[in-house]
Amino acid sequence: MHSTIQRPFVWLAGGSILGICLGTVFHSILWVSVALMIAFLMGFFGYVKWARGFYWLLLIGSCLLFFWRFNYVDETNRSQLDHLVNEEAWKWVQGSIQTSPRIDGDRLAFDVALNQIQGEGDTYHLNNERIRVSVRLQRKEDQHIAQSLMRGDLIRAKIQFIRPQPARNPGGFDHRKSLYYQRIHWLGEVASLKQLEILHSSWNYRNIMDQLRQHIAAQIAHIYAPPYEGYIRGLILGERDQLDPELEESYTSFGIIHVLSISGLHISILVACGFYLLKKMGLSREKASFFVLALLPCYVLLTGAEPPVVRAGVMAGLFMIALILNQWKDSLSFLAVALLVQLAWNPYLLFTASFQFTFVITAALIVGVPPIVERLSGSWQWLKQALVAALVAQFASFPIAIFFFYEFTFLSWIANLLFVPFISAFVLPGSLLAVGLSYVHLAWGTFVADATVAILEGVHQGMKWLHPLFFPIKTWRPPSFLWLLFYCGATFYVWFSLIQERRNRMLHRFVAGALMIGTLCWAYFPPDEWGNKTRVTFLDVGQGDCIFIETNQGRTILIDGGGTPYIEKETWRVRRDPFEVGKDVVVPFLKYRGVDQIDTLILTHGDADHIGGLKAVIDRFPVKQVIRNPLPPHSQLERELMTQLVDRETPIYTVPVGIPLPIEEGVWWQFLHPSSEESLFDEKSTNNDSVVVLLVIYHHQLLLTGDIEAKAEDVLLKRWNLPSIDILKVAHHGSKTSTQERWLQQIAPKEAVISVGRNNRYGHPSQSVIQRLQKHQVRIWRTDQHGAITISFTPDYYTIESMLPFS
C-alpha cells in the first residue's frame, strides 16, 4: 500500500481526473482557479519550509492544469456552421476525409474536416470543422467506387445538414452528446456518389495504414470463411463492425466481449511474440526492445487508435523503454502516464465507457491481484491466480457496466475462466500465425486457420451449454453517485480485509462481506426515485406505438413494441446491423428501468408498427402472459410472433371485453374492444380490431385506443357510456380517419398523446385532428416533437414529463 502511494505519476493522474470533474461541475472558472492556485501555493510553501506534502502538491497542480485544459477544450468546442446552415439545408462543401471510409450495405460513412462551404452566392472558409457524412449508394458498382476513397482525400460534395438527435427515450443513446465529445456538431447526408467528387488525393501515413489494413483483411478472407472472417478481423485489426451481431450479443451476455476489443491482452501477446522472435534471431534485449518499440505505434494506428489500444500501447512502449535503459519497471506508473497522455489529448475520454473500463480494470488488476495472490498457499496456484484476477476484474467493472449498459451478470467470471484462456492462448496467437503463414503458403495458413476455427467452435458450443445459466441477464437501474461512493468504499474494505495481517482478521472480513452484500442489495432493490407512483410511458418508437406501464407495486405491462417497416432489399443493400426499434429502443429502455420480466404483454393488433419490435423484447425478457384480440393472426409477422411465444410456453389470452379487472390496489382496467361477437375485420386492415382499454389509475382515466378508426369509434360510442377521460392516446397516430368530432365530445379529454414518427411519409398527425383537439382545448403531446412522454400518477394528481422540451 505504501509503495502504491509513493508514485508521482499516480498522483498526477488522480489530479487530472479531479480537475476534469471539477470542470464539468463548476462553471465559474475564475473562482475555482483562484481556490486551486491558493491551495497550490500553500502546499508549495509548506513543502519548501517543512519538506512535506510533495504528493499533495502534485495532485493540486495537476488538478489545476487539467481544470484549465478541460475548460479550454469545452469553450472552444463550438460549431462554426450554426450561423451558416439550417436544419436539413443542402449546401456544397469542401473538405478532407479524416476517418477510414466504411461501407455497410448501401451506406458509406466517414468524417470530413470542412474548410469551405458555399452559401447564397458566397463562399465561406471554415477552420476544419468536422462533420460525420453518410453517402447513399444507389448501385452495387458504387461499393467498388467508394473503396477508392482514402483518408486525406480532398473532396467536394452536396450535403444535407442534419442536427444529431439527443436521447429521445429514458436510457436511450444520446447521439448528440456522443458526437459532441468527438467535436462533431452536424451530420451530413449525400444523396449519391454522383454528388461527391475527389479534388485531390495525397499519400500519407494514414493512407498506408488503411491500405495495409485492407490488405490484411483480404488475406484473412482467403483463409477464414464467414462468420469467422469478421471475428478474426475484429480480433486482429479491431474492426468490431465486421463481427456478426448475434455473436457479439452472445459474447456480451457472457461478459467476455472484452476479448474482441484490441486491448492490453492483445498488445501483450504481440509484444511477447515479437520480443521472443527477435531474441531468437540473435538480437540483444535492448535491440529487440527498440524494434518492438518502433513497431508499436504502427499497430496502434493500424487498429484505429481506440482508448484501450492507446493505453496498452503507451504502457508497452514505456516497458520497452525501461528495458532499453535497464531502469524501473512500474506497471501502475506506466498506466498513470497512459492516462495522462490520453486525457491531455482529449479530456472528454474520461466520460466514455471504453476509457473507464480499460483504466479501472487494469488498475484493479495491477493493484488488487498481487497482494491477494501472495497470501494464497497450496497447489493449483495458477488456477487460484486466474480466479482472483477474474473476480477482481468483475468487481471493478460492475459499477461501470450498470451505469452505461444497465445489465450485468455475476457469473461472467465463469465464462472468463473457461473460455477466455482458449481465445487468448490459442485463437489469437493461432490466427496471427495463420495470417503470417498464408503469405508464405496459402495452404499452411488455411491449415492453422482451420485449427483456430475448431477451437472457436468448441468455445461456442460450451457457451450454448451454459446459456441457461446466463439467461435472462439481470438488469440494474443506473446507480446514484452516493451508491458509487459506498460501493468503492465497500470494495476497498473487502480487499483490505483479505490482505491485512492484523488481529481480528475474521471480524474485518465478516464486516466487509456484510457491507458489500448490503451495497449490492441496495443496487438490486434501489429506492425508487419516483416514490409511490404508477408511471405510464409512451415511448418514442418513430411511426409506431409502444406504451409501458409500471405500477406502484412493481407490476410491468407492455402494450405493443413499435416496429421498423420492413422493406425488401437487394442482398448488397442489406446492412450488417440495421436499426431495429425493439433492439435499439424498447429493450434499452426496459433495461434502464431495471425490468427483469414483462408481467403482461398486450398486442393491440398485428400491424408491423405495433408488434415488429416485440421479437427482440421476447428474446431478452421473460413474458408471463399475453393478451390479444380474438382474431387469428393476420400477417406473417404476427404468425411468427405467436410461434415464438408458443415455443416459450407463454400463456396467451384473448381480450376479456367488458369485465373490470383489478391490477393492484387503486389500479384497474376494462377492455372495451374488440368483442368476439362483433368483429370489424377487414382483409386490407386490422386497425378497427385494435384492442381498446380503459385504464384507471387512482381515479385518473386513460383511454388507450390502438389504431381504431371512425367505424370502431362509432361502435364504442354505441356500446359504452364512455366517461370523461384525463389522458387520451390518440388513435392511429393522429390519422384523419380517427378522432372524430363526436368522439371528442363524448370523452372530453384533458391531455392527448400522439405517438408518431418525425417527418413520416403519411403526413401524421393530420392537421384536421390537431385542429379538433385544439378546439376542445386539449393539451397535445407528440412523440415526434417531445420524445418519450412519461405520466406519473399519485392518488391526488398526475404530472407529465417529456424527454425533449415542451413547446
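Guide: A pocket is found on a 1 Å grid over the protein atoms alone, as an open set of points where a 1.4 Å probe fits, with protein on both sides within 12 Å along at least five of seven lines; a cavity differs in that the probe cannot get out, and lining residues have an atom within 4 Å of a point. Grid points are joined across faces, edges and corners, and a volume is the space filled by probe spheres set on the points. The model is predicted, so that local features need pLDDT of at least 70 and side-chain atom pairs count only at pLDDT 80 or more, while totals for chains, interfaces and linings use all residues. Residues are numbered from 1 along each chain as its sequence is written, and side-chain values use heavy atoms, with hydrogens and water left out.

The second largest pocket holds about 990 Å³ of space. Its lining consists of 28 residues, and Leu270, Gly274, Leu295, Tyr299 and Leu432 lie nearest its centre. By class, 26 of the lining residues are nonpolar, two are polar and none is charged. Here Ala, Val, Leu, Ile, Met, Phe, Trp, Tyr, Cys and Pro count as nonpolar, Asp, Glu, Lys and Arg as charged, and the others, Gly among them, as polar.

Several helices share in this lining. Helices (H or I, at least four residues) and strands (E, at least two) are DSSP runs, numbered from the N terminus. At least two lining residues come from each of α7 (205-223), α8 (228-237), α10 (264-280), α11 (285-302) and α17 (420-440). The greatest contribution is that of α10, with nine residues.

Ala312 is buried, with a relative accessible area of 5%; buried means under 20%, exposed over 50%, and partly exposed in between (1.4 Å probe, protein chains only). Not counting residues up to four places away in sequence, Ala312 touches Ser263, Gly264 and Ile267, where contact means heavy atoms within 4.5 Å. Between Ala312 and His266 there are 46 residues of sequence separation, yet their C-alpha atoms are 8.7 Å apart in space.

The nonpolar cores come next. Such a core is a set of buried Ala, Val, Leu, Ile, Met, Phe, Trp, Tyr and Cys residues joined through side-chain atoms within 4.5 Å. The largest has 75 residues, among which Tyr224, Tyr231 and Tyr251 touch the most other members. A second, separate core of 28 residues includes Ile547, Ile663, Trp669 and Leu704. In soluble globular proteins, nonpolar side chains tend to be buried together. Beyond its neighbours within four places in sequence, Tyr251 is in contact with residues including Tyr231, Ile256, Leu260, Ile423 and His460.

Tyr406, in the loop between α15 (381-404) and α16 (412-418), has a positive phi of about 65° although it is not a glycine. Tyr406 is buried, at a relative accessible area of 12%. Tyr698, in the loop between β16 and β17 (700-704), likewise has a positive phi, near 50°. With 9% relative accessibility, Tyr698 is also buried.
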